[in-house]
Every structure is written in structure tokens, then in C-alpha cells.
Amino acid sequence: MSSSTAVKPADDTATTQAGTATRSTGERVLDILSALARFGMAYVWISAGWQKVTESHINMVQTVEAYEIFTPYWSDLIAQVIGPLELAGGLLLLLGIKIRWAGGVSFGVLLIFIMGLYSAHTRGLVIDCGCFDPATADPQEGALLKSIWRDVAYLAVTAFMMWRPFKKFAIYP
């Protein structure tokens, strides 16, 4: 009877405890990365949206029209709604309201932005992307390509945030 009962050696217990400590350290690292992703993307969306909301409407319309994709009517409509929508998305992330859903919308919007940037780049347009501060637009050769790569990085951060949302300090995760 005593031969069927196995007692773990003390060194196995230490390994298990060390493994638990390593796992909790890993969890803490993931928590930190997840918090940086959530609050970082909230900052990106809020700052981009704030710049557009405080910018004159005509500058925003001209920025959208520079892409040569939309009619004047659609350019005007996009110029009216893009800033408030970016602000709203950033606030959802900041406050922690439906984090994965907000991340999914963020991911979709970034894909649309990348498609617009790529379209303008492949047609050889030298325009400012209008992403953050249309008033200080200084279009330069290759700037659209840099904006595409920046947005691809934002996609990766957003995907991580959706995979592992930081729910601490969230109102309605």
C-alpha cells in the first residue's frame, strides 16, 4: 500500500513553485504589454481624432479630396465624421468599454486607412496622409509608405490587444 503512494521529491516541488513564479512573471509581462497596447492605441485614436475635430472643416475636406478617391459629397461627409469617430474609439479603449469589439473596429478602420494610403502611393500621389495634424501637412516623397508601415505596426498592436485585452481599470470589458 505504501508503494502505490508516491511522494514528490522536494526538488520537484521547488521546480513547480519556480514554474509558477515564472508563469506569474510572464503573466505580469503580458499584462504590462496589454496595458501599453490598450492605452497606447487609445492615445493614438484620441490624439488623431482631436486634431481633426479642432481643424477647420475645409482643411479636412481638402485632405480627404487629395486622395482622389471620393466625390466632393463623400469627401465632405468623411471629413465631418472621421474625427468624432476616432475620438469615440479612443475613449472606448481608454475607458475599457467592450475592449475586443472596439479593437475589432479599430482593426477594420486601420485596414481601410492602409488601403487608402496604398492606393494613393501606387498612383504616385505625393500628399500628406492627414492622419494626425492636417494643418501642418508637408507632403514628401515616401511619406505615404512610412504611414502604411506605421499603420501596419498599429494593426499588430491592435491584434495583440484583441487577443489579450487588459481588463483592469475597464468599465465594461
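**A first look around the chain**

Me: Where is the place of Lys-98?

Reply: Lys-98 sits in the loop between α3 and α4. Keep in mind that this is a predicted model.

Me: Is Lys-98 buried or exposed, or partly exposed?

Reply: Lys-98 is partly exposed, because its relative accessibility is 38%.

Me: And what is phi of Lys-98?

Reply: Near 50°. That is a positive value, and Lys-98 is a residue other than glycine.

Me: Phe-169, buried or exposed?

Reply: Exposed, because its relative accessible area is 64%.

Me: Let me step back. How many helices and strands does the chain have?

Reply: There are 5 helices and 0 strands. Along the sequence that reads α-α-α-α-α.

Me: How many residues are in the chain, and what percentage count as buried?

Reply: The chain has 173 residues, and 31% of them count as buried.

Me: What does the accessible surface of the chain come to?

Reply: About 10,600 Å². Carbon and sulfur atoms hold 68% of that surface.

Me: What about contacts in the chain with a separation of 6 or more?

Reply: Of those contacts, 78% are between residues 24 or more positions apart.

Me: Back to α3 and α4. How do the axes of the two helices cross?

Reply: Helix α3 covers residues 72-95, and helix α4 covers residues 99-122. Their axes come within 9 Å and cross at roughly 145°. The crossing of α3 past α4 is left-handed.

Me: Which residues of α3 and α4 meet?

Reply: From α3, there are Ile-82, Glu-86, Leu-92 and Leu-93. From α4, there are Ile-99, Trp-101, Ala-102, Gly-103 and Phe-113. Sorted by class, the contact of α3 with α4 has 7 nonpolar, 1 polar and 1 charged residues.

Me: Now Ser-106. Where is its place?

Reply: Ser-106 is in helix α4. Ser-106 counts as buried because its relative accessible area is 5%, under the 20% cut-off.

Me: What is Ser-106 in contact with, leaving aside neighbours within four places in sequence?

Reply: Ser-106 has contacts with Met-41, Trp-45 and Thr-158.

Me: New topic. How many salt bridges does the count come to?

Reply: The count is 5.

Me: Start with Glu-27. Which residue forms a salt bridge with it?

Reply: Arg-164 does. The closest N and O atoms of Glu-27 and Arg-164 are 2.7 Å apart. The pair links distant parts of the chain, 137 residues apart. Glu-27 is in helix α1, residues 10-54, and Arg-164 is in the segment after α5, which is 143-163.

Me: What other salt bridge does Arg-164 form?

Reply: Arg-164 pairs with Asp-31, and their closest N and O atoms are 2.7 Å apart. Asp-31 is in helix α1, 133 residues from Arg-164.

Me: How accessible are Glu-27, Arg-164 and Asp-31?

Reply: Arg-164 counts as buried, because its relative accessibility is 15%. Glu-27 is partly exposed at 39%. Asp-31 is partly exposed at 31%.

Me: And Arg-150, which residue does it bridge to?

Reply: Arg-150 forms a salt bridge with Asp-151, with the closest N and O atoms 3.2 Å apart. Arg-150 is partly exposed, with a relative accessible area of 23%. Asp-151 counts as buried at 3%.

Me: Which residues do shared partners join into one network?

Reply: Glu-27, Asp-31 and Arg-164, through salt bridges that share partners.

Me: One more residue. Where does Phe-132 lie?

Reply: Phe-132 is in the loop between α4 and α5. Phe-132 counts as partly exposed, because its relative accessibility is 27%.

Me: What does Phe-132 touch, not counting residues up to four places away in sequence?

Reply: Phe-132 touches Val-44, Ser-47, Ala-48, Gln-51, Lys-52, Arg-150 and Tyr-154. Arg-150 is the salt-bridge partner of Asp-151.

Me: How far apart are Phe-132 and Gln-51?

Reply: In sequence, Phe-132 and Gln-51 are 81 residues apart. In space, they are 6.0 Å apart, C-alpha to C-alpha.

Definitions and conventions: Residues numbered from 1 in each chain as written. Predicted model: local features only at pLDDT ≥ 70, side-chain atom pairs only at ≥ 80, totals over all residues. Heavy atoms only, no water. Helix = DSSP H or I, 4+ residues; strand = E, 2+ residues; numbered from the N terminus. Buried < 20%, exposed > 50% of the residue type's maximum accessible area, 1.4 Å probe, protein only. Contact = heavy atoms within 4.5 Å. Areas by Shrake-Rupley, 256 points an atom, 1.4 Å probe, with all protein chains shown as cover. Axes fitted to C-alpha atoms, helices over the stretch in contact; angles between N-to-C directions. Left-handed = near helix turned anticlockwise from the far one by under 90°. Nonpolar A, V, L, I, M, F, W, Y, C, P; charged D, E, K, R; others polar. Salt bridge = Lys/Arg side-chain N within 4 Å of Asp/Glu carboxyl O.
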